[in-house]
Amino acid sequence: MRTVSPYQPSIAQWVRTSTALQIATVALGCLLSAEFASRFALSSTGATVLWLPNAVALSALLLTRSSLWWKFGLTQIVCELLIGAGALPLPQALGFAFGNLLEVLLSAYLIRRWCGRNFAFSNLREVLLFAAVAMVLAPGVASLLGTWLHYSAAAEHVSFLEHWQTWWLGDGMGMVVLTPLLFGWLREPTEAPLAPTRSWLECSLFVVLLSGLLYLLLFFVPKPDNAWGFSSMLLLPFFLWAALRFGTLGVSLVGCLVSLLAIVQTYHGRGVFSLLDAHIQAQLLQQCLATLLLTGLAVAAIVNDLGMKYRSLEQAEQKLEVAHAALTVLNQELEVRVAQRTAELERLATTDALTDAHNRRFLMARAGIEIAQAQRQLHAVSLVMFDIDHFKHVNDSHGHNVGDRVLVALSNAVRKELRLGDTFARVGGEEFVMLLPRSDADQALLVAERLRSMVEALEIQADEDLVLHITASFGVATLSPAISTVDALYVAADTALYQAKDSGRNCVVAYKAPSEPALTKLA
Ligand SMILES: Nc1nc2c(ncn2[C@@H]2O[C@H](COP(=O)(O)OP(=O)(O)OP(=O)(O)O)[C@@H](O)[C@H]2O)c(=O)[nH]1
């Protein structure tokens, strides 16, 4: 989401389009603000409450590449000379001009160096560094020069320190009052983490209440014996309100308007500051405005910074949610794959690779289950074991591959004969077993005989021009009190199968216990 300050007017975009326009704006800003500052100077020494041209020049430098600074520097020198012309001798005017240029360049250089190109009053560190550099350090040095120049030429006798302090605070306060406003107004709009409020109701309420307070503070003519009861510190809540709800640009705008109004009114002898002596008026005004504005700017920066952190936390949370969703999908896919792979492995572990019939292990496990169930529910289970006759001859005559095809063809044919619930397994080279739940000996014998004749009639297309016929021998065993385990049933079927082989092959033999008179032989 891109939120742009609602206070960004289109005129700012227009100014940003051309360097010439910027230079003209700076020149105009310097001259007009100097005119205002000089016109409403409260001190008899000429030191102003706010020296604003430096703030105009500093805003221009902070808004542009350092390679263009010389153009604005030159503009500032020319403006300073124009401002000083007539009122001051040339050497002194030049001294003031270079002193102010030094102040602006030093501020811009140090801010750019310590805060980088992205400086925007956007966190507490930037506001404190700005205050330290543009309000304390640079004006402190430059005003020392200015005070010395002025002091050497001044006819009246004022304290050097007092003069320096007023000058210093005047320059510094000019920067604090105007630079954040111009800079915030003219710079490229950026994403604000917490959008300043767009509620016209709140803005109107703010303006009405602030106007009321300003009227009470600044629009009365004090009488010497009647001290006014309202404190200028009543403005603090309004600065905090502006900082919290209207952002850096909002609080700068409020600060600038309040400052200009306070100066004008004090100059005309109205309001809380006009009760005092001229020098103290200027200093108190400066201190009061510095406190209000720096507090407002700091709070706005902290709110902005918190908003940035909150937004990056939100973005991190969104990324985490996306990653979590992706992981969930991946996990589901993995689970499906694992289930498929497990099923495949289970199938491979229980299936004969050549014929796709079940293997011996599966058969034995299945037989165990069926026998246990049959014994509980008292129903029959039979096992039919069969073996291809003379299969070695097939391999020897036609090769192993043909033998394999015969095994596959036989398995496919037998599988078609199965009932639901029957289990078909390959238990040896050419040996197969069918487990028939709920089939007694007679039913199993019928199934075996049906299979035997099916095998006998089977035409196996073993090769392009090779059709083979085979036969198989069958042994059948049924669960009984004497044959009550899987192994016993298997051995019994195996015994019957061998008896079928011994009986001439291609026949079905039912197992009979040794005590019984004879084995049943079919076909
Ligand atoms: N092609 C092929 N042959 C196999 C496979 N497993 C076992 N055989 C062969 O099956 C034949 C089994 O031969 P024998 O045990 O002598 O049995 P037979 O020739 O069928 O004779 P009878 O069972 O007595 O009728 C051997 O030649 C084995 O090599 C297999 O997977 N593929």
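The legends below describe several close-up views of one predicted model.

Residues are numbered from 1 along each chain as its sequence is written, and side-chain values rest on heavy atoms, with hydrogens and water left out. Because the model is predicted, local features need pLDDT of at least 70 and side-chain atom pairs count only at pLDDT 80 or more, while totals for chains, interfaces and linings use all residues.

**View 1. The shell of residues around the ligand.** Helices (H or I, at least four residues) and strands (E, at least two) are DSSP runs, numbered from the N terminus.

View 2. An N or O atom in the side chain of Asp387 is 3.1 Å from an oxygen atom of the ligand, and a backbone N or O atom of His390 lies 2.8 Å from a ligand oxygen atom. In the side chain of Asn395, an N or O atom is 2.8 Å from a nitrogen atom of the ligand. A polar contact is a pair of N or O atoms within 3.5 Å; within protein, one must be able to donate a hydrogen and the other to accept it, and residues adjacent in sequence count only if both atoms are side-chain atoms. On its own the ligand has 660 Å² of accessible area, and the protein covers 67% of it; such areas come from the Shrake-Rupley method with a 1.4 Å probe, and for residues only the protein chains shown count as cover.

**View 3. Two loop residues with positive phi.** Most residues other than glycine have a negative phi. His390, in the loop between strand 1 and helix 12, is not a glycine and yet has a positive phi of about 45°. With a relative accessible area of 51%, His390 is exposed; buried means under 20% relative accessible area, exposed over 50%, and partly exposed in between (1.4 Å probe, protein chains only). Arg438, in the loop between strand 3 (431-437) and helix 14, likewise is not a glycine and has a positive phi, of about 55°. Arg438 is exposed, with a relative accessible area of 53%.

**View 4. Helix 14 and its N-terminal cap.** At its N-terminal end, helix 14 is capped by Asp440, a side-chain oxygen of which lies 3.3 Å from the backbone nitrogen of Asp442. Among the buried residues of helix 14 are Ala444, Leu445, Val447 and Ala448. Leu445 counts as buried because its relative accessibility is 10%, and its C-alpha atom is separated by 9.2 Å from that of Phe474, 29 residues apart along the chain.

**View 5. Helix 2 and an annotated region.** Helix 2 (residues 19-39) has 21 residues and reaches 30 Å from its first C-alpha to its last, close to the 30 Å expected at 1.5 Å a residue. Its buried residues include Gln22, Val26, Ala27 and Cys30. An unreviewed UniProt entry lists residues 20-37 among its "transmembrane region" spans; UniProt positions are given in the numbering used here, feature names are shortened, and annotations may be inferred rather than shown by experiment. In the model, residues 20-37 are 100% helix and 0% strand, with end C-alpha atoms 25 Å apart.

View 6. The unreviewed UniProt entry gives the annotation "coiled-coil region" to residues 313-351. This span is 97% helix and 0% strand in the model, and its end C-alpha atoms lie 55 Å apart.

Conventions: Expected span 1.5 Å × (residues − 1).
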